[in-house]
Amino acid sequence: MNQKKNLYGVLAEFPTAPAIYHACEKVRDKGFTHWDAHTPFPVHGLEKAMGLKASKVPWIVLVMGLCGASGGMLLQWWINTQAYPLVISAKPFFSWQAFVPVTFELGVLLGSFGAVFGMLFINRLPMWYHSLFRSERFEKVTDDKFFISIEARDPKFDANATSKMLSELGATHVELVEQ
Amino acid sequence: MNEGDRVTPIFPKWTNHIPTAVAIGAPLVLVSVVLAVWYFFSPKWTDVGYTPKQPVAFSHQLHAGQMGMDCRYCHSTVERAAFAAIPPTETCMGCHSMVQAKSPRLQLVRESYQSGKPIEWVKVHMLPEHANFNHSIHVNSGVNCASCHGRIDQMKVVGQAQPLSMGWCLECHRNPSPNLVPKNQVTNLSYDPAKEGYVPEKDPHRLRGVNPPQHCSGCHY
Amino acid sequence: MQSENNQEKSGKKYWRSLEEMAESPELLAQMKNEFPSGAAELEVTPGVDRRSFLGIIGASAAFAGLTSATGCIRKPAEKILPYNKRPEDLVEGKPQYYASAGRFGGSVFGLLVTSYEGRPTKVDGNPSHPMSLGATNAFAQASALEVYDPDRSQSVLKKGVAQTSGRPDAKLLKTTLAAAAAEIKATHGSTGGQGLAVLLEAVPSPTLLGLLREFQTTYPKSTVTIHDAAMRWNEMTALASFGYANAHLFHRLEEADVVACFDADPLGIEGDVVRNSKMYATKRKSVDEAKTMSRLYVAEPTFTNTGVVADHRLSLRSSAMGEALLALAVQLASKGLNLPAEVIARGKQVSTANEKWLKALAADLMANQGKSVIMVGQDQRAWVHALALAINSALNNLGKTLVVRSSPLPAASPLHELTREINKGNVKTLVIIDSNPVYTAAADLSFADALQKVQTSIHLGYHADETGVACALHFPRSHALESWGDLVSSDGTAAIVQPVIEPLYPSLSDVEFLAGLMGNTKNSYELVQAQWKKSTTGDFDSSWRRWLHDGMVKGTVGETFSAKPELSKLAQQLEGLGTSPESTSTQMELRLVLDRSVYDGRYANNAWMQELPDSVTKLTWDNAALISPKTAKAKGIKTGDFVEIKLKQDKEAILKIAAFVVPGVSENTVVVPLGYGRSFNGRVSTGTGFNGYSLLFGENRFAFGADVQRVSGTYELATTQEHGVSDYSYDTTVGKEAVESRGVTREITLAAIKADPSLEETFKKFNLLDPKKHKTLLWTKTNTTSGNQWGMTIDLNSCTGCNACTVACQAENNISVVGKKRVLKSREMHWIRIDRYFTGNVDTPDSIQAVFQPMACAHCETAPCEQVCPVAATVHGVEGTNDIAYNRCIGTRYCANNCPYKVRRFNYFNFSKENDADNPLYAMQKNPRVTVRFRGVIEKCTYCVQRINAARVESKIRGEDIIREGAVVTACQQVCPTDAITFGNLADEVDSRVKMLKALPRNYAVLSELALEPRTTFLAKVRNPNPELESSTQL
Amino acid sequence: MDTSVTLANLEEHVDKRSPLVLGSETFSSVTNIVSRPMEMTTPKAWWICFLIALSGLGVLGAAIGYLFWEGVGVWGLNNRVGWAWDITNFVFWVGIGHAGTLISAILFLFRQKWRTSINRAAEAMTIFAVICALIFPGIHVGRVWVAYWLFPIPNQMAMWPNFRSPLLWDVFAVSTYFTVSTLFWFVGLIPDIATFRDRSKGIRKFVYGLFALGWRGSHRHWLNYERAYLILAALSTPLVLSVHTIVSFDFATSQLPGWHATIFPPYFVAGAIFSGFAMVINLMIICRWVFKLEHLVTMRHFENMAKIILLTGSMVGYAYAMEFFIAWYSGNPYERYIFISRATGPYAWAYWTMVTCNVIIPQLFWVRKIRTNLWALFIISVFVNIGMWFERFVIIVTSLHRTFLPSSWAYFKPTYVDIATFIGSFGLFFTLFLLFIRFLPIVAIAEVKTVMPEADPHGHDHGHHAKGGAH
């Protein structure tokens, strides 16, 4: 069989959640690295079956959140004590109690920015073009079908062998996808 | 080993570069816009250098500069009142009834003097609205004319030299010393306190320290 | 947006309005015409300065071309128009002050007029003048706006038709006047003035009266009639009956420890109010040092200012005053006072329900012989005045607390005699000098009809008013600020009336008019000088200058009568005086009173006065029939209902008027203020109130046997307190809350002060929280740093609620008028308001008491308004003032919500712009030192920060950091006739008066438990009740 | 199959009370149901509603235009009552805007799976309500053209906002809340938009594709996605509580009797949840009926929401009572007077309307029959929202019209502009909501699928699971 140059990889379709779960366990155990599972919804525990590491998003959120909060308090301190100290209701220039709400809100704001944009960044989204979008069957991934895609650049990849392995794992349909 | 049916994706490949481009471009654009607004919408840009044409080609360079007339000769109320009043036509005619009495450039002045109709000078230094500025206190505190008006004595046609914005006022009100000169040097536009090494605190002629207001009602009422 | 910016950018109203002026060509035309070429006196009359006006017109013309040339980022170009020749003593932007005098509410006092570049902007009292001592009443303040009245007469009228097409015409004025003079000469020259009559107000002007004498020598048979709301005919008759010919009474309240007013209002609207108030106040202020205070008894049918501040008030109908006084006489006699037997005999016949009250008063009077005074209202009949004089004399008060002075006025006849003559057909020519009899004459005279019987009627008036249009000929009158004149006060002090501005329209002053009718074409300046040259010895010019400078002529005119009255004469007065049924009957009595806002109607077209809340009713823009809650309940009348007042004497008169239920009115009495419902087409006066004159019969302003019935329909009355509440007892429940539950106004007795000098015990009931506990703040205060710390005290014990401060503030601070509709929405803009609280039981009028409390921004140190402003538009100044930067305000109104005193005012619309649209001339009154506020911003009392800043500049130039005591005087403080308001520098350890006052035990902060530490504090009101009557008071 | 309840599977058992998805729905049938509104030809009913809503929006525009032209005076406000309908409407809408995030965030954190089929619509409602709310503080200022001074922007005046002002806290709180809710909502939408993308053709495919950001259900994405979603929920929870707390600070931190009350924050939050859920019920009943979602939005959802309304309604009632008690107990005459005048004064009618709608009527939910009767649910929820509007009106206006100095007592009457603006805001709200239900998935497809039994990867044999776990 000829190894197509512009091959992206192999795409295997599975009918149910349990099916892909078990399939993933196997692919994981076979030591594939450049592969992925595609599901219409987050299948419970699949990351274990795929052997993925925990997400880094929380760290981004933490950092951003702290920046927001401290930045907020700093801004208010600077404005009220450095930029233009004004006597307001005879309150102290740095009335930190009154500055808590804004500090909190800014913390939350930047924190959630961290969560969303951090997630998109890690996921390399938006990515409007993807080789898998060339497959018609793949449109079902957002409906009720489950897929495993193994990329050609995976060292263990071999168009025939991998396809075969996947169909043995219970794939109802296996196809090759170009870049 | 079948190939499966193919569809052409909605978006071509290159669209994947857009996010990166935006991620890098957007901040740049944002920053430059902010900087642009910061500069071009500020009085530094909008007001400084405003040099309207005056009905009479009066040259401060000639009168105040070369002939060295004292500012207060014409702007006589500057020490007593909030306004440094534009001199009445009769002040001009005080000299120009003899000097240059026939000059066509002074035609308008003579007409005004006869008809009693004032000359319509165009206002150059326009403070922000609602700001009350009092010349007398500034002059009496020894703020040199040049601090706000620039080197009028070098201007053929008077133009605005400083932003006259609130922020600009506050700079001096927070730290007046650099702009203070001896009382008798107030109208000496070339006097540079830094060069002369003048220290207001040490000036025996000053009866009191200069502590300009920074609270709202100092200027806004 | 651009337009928004333009309108809000125009900080100095004065200039901005000129743009608008420039856009109305006819107005420009008028203004250009204000300046007759070559007005001779310009050079010698300071202040009358035509060039500044040319400047203004030039300026406006310049602006006209520019108003459209905007839109770029850069501000629109502005032009500066310097003087052509700067007047001697003028410095641009610096106010000039001119001493003058004026007659307001029947009282003459000295004035100090403020003028900017030739525009009079404010009228204040002349401190060195004995009758004003620096203070004025509200009317004087309002005259600063009056001169810019949009509807003032601008041209000669013939049979009510204007003789000029729009453009006022000076020449026409002169020629018409000459023609009139010629006609008079033709018709009456031969007959020596047979059928020639002059009608004028009681203006004590030497020049005018001199000319009048001249007139009468030219026309010996001519008659003079005086018609004036303030004319005290009955008092004159009474005095005459004792042999004091052509005299009037002058009171010295500074000498009186006991004052008894019978239907008199010496502190409100009657006579020399300003001086009386000053003097009365001295006897109240003594409470702090000497622990003594005068005692004030008032018997009256409805609350007057005097009644409100009284220690004892008896609710008594005007018609019963005479009896009450007789009964008092009996009481006095029984205590050994020597009064004619006939009087006592007569007095024994009357039965009065108020014996206890009168007994107590009698005792007080006897105890204070020579230190007491009985005052009788001008509307009381002659015999009552005579009786009062007799008692005063017997009490040895004459010459001490009151003196009889000869009146400068000529012997003249009252209006009804003139009318009789007219109806007989004896009057061919009638000359009316600045009087409006067609409106103000009693209904039974039907003067309007009579006037038609006169062949030639010539009228001089400030407005083309009801009389002006009815007369054959009408001449526009110059304002007092526009022409020369002179006036003599009731104490005899003479003063020169000095013009501050050229007449805005070609017009005549009284003297020019009268002289003109004798063919004398001299102007007022020459006439006045001529008059005074006669009476001057030595260098006239120097003394003239001194008079102008001082604002008065040293040495008084006219003399006092020292002779004691022959009391026996009193008997004749009382002869044939049957017992009047009034005192007992339950029939309704009608009481017509002069209005505290529009007086007799002459201020009806003055927007400030129309919007000024009445001291007691708080009613604006209208008058109403005042009825006591009890009577109203009995008649089923609620506030706002229409009632019909029928009065049947020889004629029947009916008035349909809105009712206003207010405590303090006597039972079975309906009170109608005069001066409203005017029929001349003033743009301000039109549609305000109801004409009370249609119920006026004869000379007396009270009539018995009126029929008051509720009729269908209601009417919206705009009050500034209890907005639109029609509940009978509502206002006293409010009072209860304020005075009793909340301790807002604190009222104590002299006895209490004596018993508890520190007042700690006495104040306990007012303190919701122990003052010592206030200072516990969660944070350390950020103290304001400057050497000047401003503060104010308001002495409730002195305040008579005269409203002068409200108008003065309006004049000083360019406060907009909002109109009736918006007052109804409670959007009035006054920076200082006078709260009035009633206490007592609405069903027993005698138990009702009221108290005034002027309320303005208190400049709290921990101001609740500041912390809530999201843009820091209102923050604290280093001198302890609560500043507001109008152009920073975005108008969230949060500060107003959070202000416990509710003293912040919001510009819901562009009020100032609307005001100028209504009348561009108003802009000329604006104070150039104060920003004119625009739509969408909050405003409030600033402690007259413009004056503070002016003073600071001067003291700094002088080299002082501390501003001297007295260098800053707020507008309200300056005008206050009782010096109730004191303002000053708390940081001035040496001679700060306000600091001293704040140390008094009477000093308290309203809502002190909120720990706002307001810089404006109040001195508690002290009443001095007679122990014998203690029970009847509310304490 | 063991039915014994252990900590491990407790949650499952709780959830098995009654199924969250009824009938014999499969993954694709769920997709179909939810996609129907997007794919069906627009129903007439939708068009009618939309036109009505649109005209309402027109009214809003006109009212605001007139307001800007003339000034705030066109409202009934005065110098004593400086705030009335403007801020009442603001608080009202912010309150409504709470249920969404609450359902999404808090119920999500508490693993209340029944939320899945209503949270999407609720979030949408939140965002639209907050948009309506944001209008009012914007337009109530006297000079809108300088309202940007509320933000700390460097300027030549060297002036900055006053961070001590609760109004400024509001600006930050509400705008943050709006931003975060929108992000939360959008993140939730991504997979479902992808679903629509893959179902639709042509321009729609392009637009959906654009917003799907190229989602391909990759589980490496799901991993970060779920984490991010969880964190957003965790952040939104304190946020949603803080927002109404801060709104209540507008009043609580002021001086006025009737405003200055420490009970406000919890009481406002309870009220917000109260009104929010009422609005969700109203909207869901309609959507469910129009788009035949009976199998996804079940009676159990409504019943749960009714219970929450009952709870929060009672909390609000407790707060009312407590206010009176404190007013009396404090011995503060101002406080006492204001509450007496609330119940007996000129605005008593408003007060009793509030009590009836908020405290008395919701008590009907104790009865299961009423709780489960859609008509009853709908009507009572409407009453609740009327009552909650009046609550804000009572707090704001009655407190302002009887303040410390009796001389400054006044009465407030709304003008027709007040009324038009309020009605108009509903126009805006429904315009947005109708567009939403027409073009976006009103039920979170992916999430619903997760709670279906088929979603369980170990659904068929447990033994295998044990092995899998052993790895």
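Reader: How many helices and strands does chain C have?

Author: Helices (H or I, at least four residues) and strands (E, at least two) are DSSP runs, numbered from the N terminus. In chain C of this predicted model, the secondary structure comes to 35 helices and 38 strands.

Reader: What should I know about the conventions?

Author: Residues are numbered from 1 along each chain as its sequence is written, while chains are lettered from A and ligands numbered from 1 in the order in which they are written. As this is a predicted model, local features need pLDDT of at least 70, side-chain atom pairs count only at pLDDT 80 or more, and totals for chains, interfaces and linings use all residues; side-chain values use heavy atoms, with hydrogens and water left out.

Reader: What pLDDT does chain C average?

Author: pLDDT is the predictor's confidence in each residue, from 0 to 100. Chain C averages 84, and 89% of its residues score at least 70. Take care with residues 1–74 of chain C, where pLDDT stays under 50. For that stretch the model has 132 contacts (heavy atoms within 4.5 Å) beyond four places in sequence.

Reader: What share of chain C is buried?

Author: Buried means under 20% relative accessible area, exposed over 50%, and partly exposed in between (1.4 Å probe, protein chains only). Of the 1035 residues in chain C, 69% are buried. Looking at contacts in chain C with a separation of 6 or more, 75% are between residues 24 or more positions apart.

Reader: How much area do chain C and chain A bury between them?

Author: The size of an interface is often given as the accessible area lost when the parts come together. Here, buried area is the accessible area (1.4 Å probe) that two parts lose on being put together, summed over both. Chain C and chain A bury about 980 Å², 63% of it on carbon and sulfur atoms. C:W779, C:T782 and C:Q867 supply 52% of the area that chain C buries against chain A, more than any other three residues. The contact takes 13 residues from chain C and 8 residues from chain A.

Reader: And how many salt bridges are there between chain C and chain A?

Author: A salt bridge is a side-chain nitrogen of Lys or Arg within 4 Å of a carboxyl oxygen of Asp or Glu. Across this interface the rule finds 0.

Reader: What about chain C and chain D: how much area do they bury?

Author: They bury about 4,900 Å² between them, 53% of it on carbon and sulfur atoms. Here 61 residues of chain C are in contact with 58 residues of chain D. The count of salt bridges between these chains is 2. In one salt bridge, the side chains of C:E828 and D:R80 meet at 2.8 Å, N to O.

Reader: Is D:N79 buried or exposed?

Author: D:N79 is buried, with a relative accessible area of 3%. You will find D:N79 in the loop between α3 (44–70) and α4 (85–96) of chain D. Leaving aside its neighbours within four places in sequence, D:N79 is in contact with residues including C:S826, C:R827 and C:Y908.

Reader: Which backbone atoms does the side chain of D:N79 reach?

Author: A polar contact is a pair of N or O atoms within 3.5 Å; within protein, one must be able to donate a hydrogen and the other to accept it, and residues adjacent in sequence count only if both atoms are side-chain atoms. A polar atom of the D:N79 side chain lies 2.9 Å from the backbone oxygen of C:E828. The side chain of D:N79 also reaches the backbone nitrogen of C:F906 at 2.9 Å.
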